[in-house]
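Biologist: I would like to learn how to read a protein model, feature by feature. Could you take me through one, giving the general idea before each case?

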Amino acid sequence: MNLTKSNPSGLSASVSCPSCFNTCNLSEAPACNECGYQFPASELASYNQQPACNIGDVSSGPVKLAVTVTLGFTIDGTGSSKAFEIGIPKTVIRICEKVQAKAKNVFVSVQQHGDDEYGEMPVMLVEGKQDISLVTKAISAITYAGGFDRDETHLNAILNLMNTVPFPSSEKVGRGAIIALTTADSKLPKDKSIDDIAKEIVEKNLLLYLVSEAEPNMMKLAEKVKDYGGFSYFMAITNNPSEKELGIIADKIAASIIQTMSGAASGTLQQV
């Protein structure tokens with residue numbers, strides 16, 4: 001849609017997108033250039049924009065992308081996570097809802113993990129479901145216990161998730177994201193380094209999101225993913241997750257898809 005701008009009222013054409021909080025210039029386009037949100041006709045009219053086509057063509061809500069997104073969650077089910085048992089399901093469900101609002105096909109897998117050294121191996125609670133009510137039911141049933149010593153085997157859990165969930169094989173067929181909700185730090189795997197895990201995440205074109213405490217090994221993984229040209233994002237785990245930050249996670253996933261569809265050469269997100 002081509003737009004011309006006339007603004008005798010002197011109002012600024014820069015507005016915040018209600019979907020992803022990106023700053024948009026309504027004098028240039030009727031939609032957010034980050035997440036695709038279409039501003040309603042009433043708001044466009046307030047800036048005296050004259051569309052080249054009928055203003056009724058402008059949708060009043062977000063446009064869903066005709067793509068497939070696979071979300072893989074791994075949740076630390078040890079006793080140290082009990083302090084966040086209210087916030088963990090809130091975080092997972094809101095991320096799912098926000099991504100579903102942007103993509104037509106969203107498949108969700110949820111894994112619970114503990115400490116492998118004490119026999120607390122990863123267990124898949126939900127596998128490739130689109131019904132969020134099933135995700136809610138599974139997460140609500142988690143009993144946070146065990147772990148015994150301070151650090152857990154979060155990195156092993158991320159490896160297991162990568163090898164279990166059928167993430168899209170390439171950006172041409174969809175986009176995959178790992179979201180790890182953890183407390184304390186991770187013990188190092190016996191057979192792979194943090195570098196190895198980071199490389200594998202990038203090679204599989206996966207986005208990495210850590211909703212966790214800022215612990216050395218977990219933060220190193222996030223940094224290494226960036227070093228190898230991938231995307232990672234950190235959000236502090238809490239019982240009162242920020243709606244804005246949950247929106248950022250969903251919007252970054254959507255933005256990566258938009259970038260892929262636009263034929264970006266690298267196919268990777270810019271770091272923020």
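Biologist: Which residues does Thr 182 touch, not counting residues up to four places away in sequence?

Modeller: A contact means that heavy atoms lie within 4.5 Å, and by that rule Thr 182 touches Asp 76, His 113, His 154, Val 211, Ser 212, Glu 213, Met 218 and Ile 237. This is a predicted model, in which local features need pLDDT of at least 70 and side-chain atom pairs count only at pLDDT 80 or more, while totals for chains, interfaces and linings use all residues. Residues are numbered from 1 along each chain as its sequence is written, and side-chain values use heavy atoms, with hydrogens and water left out.

Biologist: Is Thr 182 buried or exposed?

Modeller: Buried means under 20% relative accessible area, exposed means over 50%, and partly exposed lies in between, with a 1.4 Å probe and protein chains only. Thr 182 has a relative accessible area of 1%, so Thr 182 is buried. The residue is found in strand E8, where strands (E, at least two residues) and helices (H or I, at least four) are DSSP runs numbered from the N terminus. Over the chain, buried residues make up 48% of the 272 residues, and the secondary structure comes to seven helices and ten strands.

Biologist: Which residues of H6 are buried, and why are they said to be on the same side?

Modeller: An α-helix has 3.6 residues a turn, so residues three or four places apart point the same way. In H6 the buried residues are Asn 217, Met 218, Leu 221, Ala 222 and Val 225. They cover an arc of only 150 degrees around the axis, taken from the directions from the helix axis to the C-beta atoms, and therefore they are on the same side of H6. On the other side, Pro 216 and Asp 227 are exposed. The buried residues pack against helices H4 and H5 and strands E8, E9 and E10.

Biologist: What is a nonpolar core, and how many residues has the largest one?

Modeller: A nonpolar core is a set of buried Ala, Val, Leu, Ile, Met, Phe, Trp, Tyr and Cys residues joined through side-chain atoms within 4.5 Å. The largest here has 38 residues, and those with the most contacts inside it include Leu 71, Ile 179, Tyr 209 and Ile 253. A second, separate core of 22 residues includes Leu 155, Ile 158, Ala 180 and Met 218.

Biologist: How many aromatic pairs does a search of the whole structure find?

Modeller: Rings of Phe, Tyr and Trp (its six-membered ring) pair if their centres lie within 6.5 Å, and planes under 30 degrees apart count as stacked, over 60 as edge-to-face and the rest as tilted. The search finds two such pairs. One of them joins Tyr 209 and Tyr 233, and the pair is tilted, with 6.3 Å centre to centre and 55 degrees between the planes. Tyr 209 in strand E9 and Tyr 233 in strand E10 are 24 residues apart, and the pair links distant parts of the chain. Both Tyr 209 and Tyr 233 are buried, and ring pairs link Tyr 209, Phe 231 and Tyr 233 into a cluster.
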